[in-house]
Amino acid sequence: MLIAPSILSADFGNLARDVEAICEAGCDFVHVDVMDGHFVPNLTIGPVVVSSVAKVATKPLDIHLMVENNSFFVELFAPLKPEFISFHIEEEKHPHRLVQKIRSLGIRPAIVLNPHTPPESVEFLLADVDMVLLMSVNPGFGGQKFIPSVLERAKRLKALIERHNPDCLIEVDGGVSDKNIALLKEVGVNVVVAGSYVFGNENGYKDAIDSLKV
Ligand code: DX5
Ligand code: ZN
């Protein structure tokens, strides 16, 4: 299992320190939640802050866009050379075109599905993306409760991925902890995002990250 701690739960007054710490603690990606106050009822960070994160991060960035006007935000973040940029399928009229645009910028494209969105809706995008992110909470906030129907969605997605693009990764985001990590592994999830579980763990970041590496 690959681990992508979400810096939404970091201490923004000590962001560089926290980003360095999760990288040293053995995470695989640094998950960055970009919210615009329109697509979701919360507002986070833009390229100025994320460029400071990129400077201290020793692991690749996984940028999760929760915005209207995806194409504009892709252009804004592309110069930071993240590993992945993911965008919500619910907010994009031309997802196939946007996937190609992200790839043409040298970034691995990923698509995100809200908790109500069936995996079948992206079947004909799977051949062109490197990762599908299944939300296991409603996007907008850290620290929410895990929605268990993501397990069924992951199973169905896995079957489609095996048909269309076996190298495509499945990522799950929201309410991930040591309580559900075994179930996520069982249904074929490859990457988990964890915010409050990693940053709020009383045994420290390394213990938290290690406990998710199943
Ligand atoms: C929610 C974000 C998540 C969030 C996860 O919109 O996409 O990445 O930070 O936080 P936890 O792990 O606390 O649910
Ligand atoms: Zn996220």
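Both Asp33 and His64 are buried, where buried means under 20% relative accessible area, exposed over 50%, and partly exposed in between, with a 1.4 Å probe and protein chains only. This is a predicted model, in which local features need pLDDT of at least 70 and side-chain atom pairs count only at pLDDT 80 or more, while totals for chains, interfaces and linings use all residues. Residues are numbered from 1 along each chain as its sequence is written, chains are lettered from A and ligands numbered from 1 in the order in which they are written, and side-chain values use heavy atoms, with hydrogens and water left out.

**Zinc site**

- The zinc ion (ligand 2) is coordinated at 2.1 to 2.3 Å by His31 (NE2), Asp33 (OD), His64 (ND1) and Asp173 (OD), donors being N, O and S atoms within 2.8 Å of the metal (3.2 Å for Na, K and Ca), with water not among the atoms, so sites may look incomplete.
- Asp33 in strand E2 and His64 in strand E3 link distant parts of the chain, 31 residues apart; strands (E, at least two residues) and helices (H or I, at least four) are DSSP runs numbered from the N terminus.
- The donor residues of the zinc ion (ligand 2) follow the spacing H-x1-D-x30-H-x108-D in sequence.

**Helix H3**

- Helix H3, which covers residues 70–77, has Asn70, Phe73, Val74 and Phe77 as buried residues.
- Seen down the axis of H3, these buried residues fall within an arc of 105°, so they line one face of the helix, the arc being that of the directions from the helix axis to the C-beta atoms.
- The buried residues of H3 pack against strand E2 (30–35), helix H2 (47–56), strand E3 (61–66), strand E4 (84–88) and helix H4 (95–104), where contact means heavy atoms within 4.5 Å.

**Aromatic pairs**

- A search of the whole structure finds three aromatic pairs, for which rings of Phe, Tyr and Trp (its six-membered ring) must have centres within 6.5 Å, with planes under 30 degrees apart counting as stacked, over 60 as edge-to-face and the rest as tilted.
- One of them is the edge-to-face pair of Phe72 and Phe73, at 5.3 Å centre to centre and 85° between the planes.
- Phe72 counts as partly exposed at 43% relative accessibility, whereas Phe73 counts as buried at 16%.

**Salt bridges**

- The structure holds eleven salt bridges, each a side-chain nitrogen of Lys or Arg within 4 Å of a carboxyl oxygen of Asp or Glu.
- In the salt bridge of Glu83 with Arg108, the closest N and O atoms are 2.9 Å apart.
- Because Glu83 lies in the loop between H3 and E4 and Arg108 in strand E5 (residues 108–113), the pair ties together parts that are 25 residues apart in sequence.
- Arg156 forms a salt bridge with Glu120, the closest N and O atoms being 2.9 Å apart, and another with Glu152, where the closest N and O atoms are 3.9 Å apart.
- Arg156 and Glu152 both lie in helix H5, four residues apart, about one turn of the helix.
- Salt bridges that share partners join Glu83, Arg103, Arg108 and Asp130 into one network.

**Ala208**

- Ala208 is placed in helix H8 (residues 205–212) and counts as buried at 0% relative accessibility.
- Not counting residues up to four places away in sequence, Ala208 touches Tyr197, Val198 and Asn201.
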